[in-house]
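This briefing is intended to be read beside the sequence and the structure. Please keep both in view while working through the points below.

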Amino acid sequence: MGRTLYISQTNKPVIERDGPSIWVREEGRAGRRIPARLVDRVVVIGNVRLDSGMITLFADNNTPITFLNTRAEETAVVLPYNHRLPDHYREQRALLQSDRTIRHFRRWASARRALFQLNFIRKYVPRLAPRLSVEGFGEGNYQEILRRVRKVKERKWHAVNVIVTALFRNMIMHGLVDSGLDPHPGVIHRRHNFGFALDICYVMGGESDIQTMQFFRSSNPGELIKDEDGQPVVTAVGIRNIVHRFENKRRDTQEKLNSTIDEIFELMREILS
């Protein structure tokens, strides 16, 4: 499993291409060279000076780059361009071939999403878990449980959750491209850019909720998120908190993503059989 490269404006870095590697220079620190082949994903936060050669280098290595602004809102995504169709284009298009196949995918996605939501409930409301089933508790009930358990206002929750979700989406896009799937033709998010990646984000929503909840249960949360002009904004310390947690759980998250993608392949084979 490769590394995720996080680049933040905090230390005013300058990133340049150096052959098959990138060279990173930061204020007050010695420069360092990072071979591009060791990096699976790149996340850029804030106003960072980048060498255009760095972007093409990661494109050559099938490495997606996600750009976030200082309010940690996703502003752009760079993916490698390939004029050829993805390896599993035909199988993937079969998911959209009729109302029946679309309903079939939606049923699978809802059931898979419920499993991830149950993981959240088992962790934070364990007394409820034995009384719930994947088929029975429903999206509305989950959202009500989430609202009661999180104990923070919607705007604060959203400010953190969009960052966590952006990290998940970056991992998902790499996983789809690496599996020969197209991240665009969504079934639930049809005709959206990166629609299929958004479908998988929707499925894994319970996992991103867990990491968002852990953020708010950190020590000294006042250092992690503050109000600016009446809007909650995650601080540089808060972003590091989110990134460190995501990296610590990356292997487990990757395994859950791999299992989800495996089920998608089974679903496509079932439709085509």
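**Strand pairing, helix packing and aromatic contacts**

Valine 14 stands opposite arginine 25 in strand 3. The model is a predicted one. Strand 2 (residues 14-18) and strand 3 (residues 21-26) are antiparallel partners, joined over five bridges.

**Sheet and hairpin**

- Four strands make up an open sheet with the order 4-3-2-6, and the pairing is mixed.
- Strand 4 (29-35) and strand 6 (49-50) are the edge strands, each pairing on one side only.
- Strands of a sheet pair through backbone hydrogen bonds, and the sense may be parallel or antiparallel.

**Helix 1 and its two faces**

- Helix 1 (residues 52-60) lies across strand 2, strand 3 and strand 6, and runs at about 60° to strand 2.
- Gly53, Met54, Leu57 and Phe58 are the buried residues of helix 1.
- Because these residues cover an arc of only 135° around the axis, they lie on the same side of helix 1.
- The buried residues of helix 1 pack against strand 1 (3-8), strand 2, strand 3, strand 5 (39-45), strand 6 and strand 7 (65-68).
- Ser52 and Asp60 are exposed residues on the face of helix 1 turned away from its buried side.
- Just after helix 1, asparagine 62 adopts a positive phi of about 55°.

**Positive phi in two loops**

- Lysine 151, a residue other than glycine, has a positive phi near 60°.
- Lysine 151 is placed in the loop between helix 4 (138-150) and helix 5 (154-178), and its relative accessible area of 72% makes it exposed.
- Phenylalanine 194 is not a glycine either, yet its phi is positive at about 55°.
- Phenylalanine 194 lies in the loop between helix 5 and helix 6 (195-203), and at 18% relative accessibility it counts as buried.

**Aromatic pairs and charges over rings**

- Seven aromatic pairs are found in a search of the whole structure.
- One of these joins phenylalanine 105 and phenylalanine 196: the ring centres are 6.1 Å apart and the planes stand at 35°, so the pair is tilted.
- Phenylalanine 105 belongs to helix 3 (residues 99-124) and phenylalanine 196 to helix 6, so the pair ties together parts that are 91 residues apart in sequence.
- Phenylalanine 105 counts as buried at 0% relative accessibility, and phenylalanine 196 counts as buried at 0%.
- Phenylalanine 120 and tyrosine 124 form a tilted aromatic pair, with 5.0 Å centre to centre and 45° between the planes.
- Phenylalanine 120 and tyrosine 124 are four residues apart in helix 3, so about one helical turn separates them.
- Phenylalanine 120 is buried with a relative accessible area of 0%, and tyrosine 124 counts as buried at 15% relative accessibility.
- Phe105, Trp108 and Phe196 form one aromatic cluster.
- Lysine 123 lies over the face of tyrosine 124, at 5.9 Å from the ring centre.
- The charged end of arginine 113 sits over the ring of tyrosine 202, at 4.2 Å from the ring's centre.

Definitions and conventions
Residues are numbered from 1 along each chain as its sequence is written. This is a predicted model: local features need pLDDT of at least 70, side-chain atom pairs count only at pLDDT 80 or more; totals for chains, interfaces and linings use all residues. Side-chain values use heavy atoms; hydrogens and water are left out. Two strands pair if DSSP finds at least two bridges between them. Contact means heavy atoms within 4.5 Å. Axes are lines fitted to C-alpha atoms, for helices over the stretch in contact, and angles run from 0 to 180 degrees between N-to-C directions. Buried means under 20% relative accessible area, exposed over 50%, partly exposed in between (1.4 Å probe, protein chains only). The arc is that of the directions from the helix axis to the C-beta atoms. Rings of Phe, Tyr and Trp (its six-membered ring) pair if their centres lie within 6.5 Å; planes under 30 degrees apart count as stacked, over 60 as edge-to-face and the rest as tilted. A charge sits over a ring if NZ of Lys or CZ of Arg is within 6 Å of the ring centre and within 35 degrees of the ring normal.
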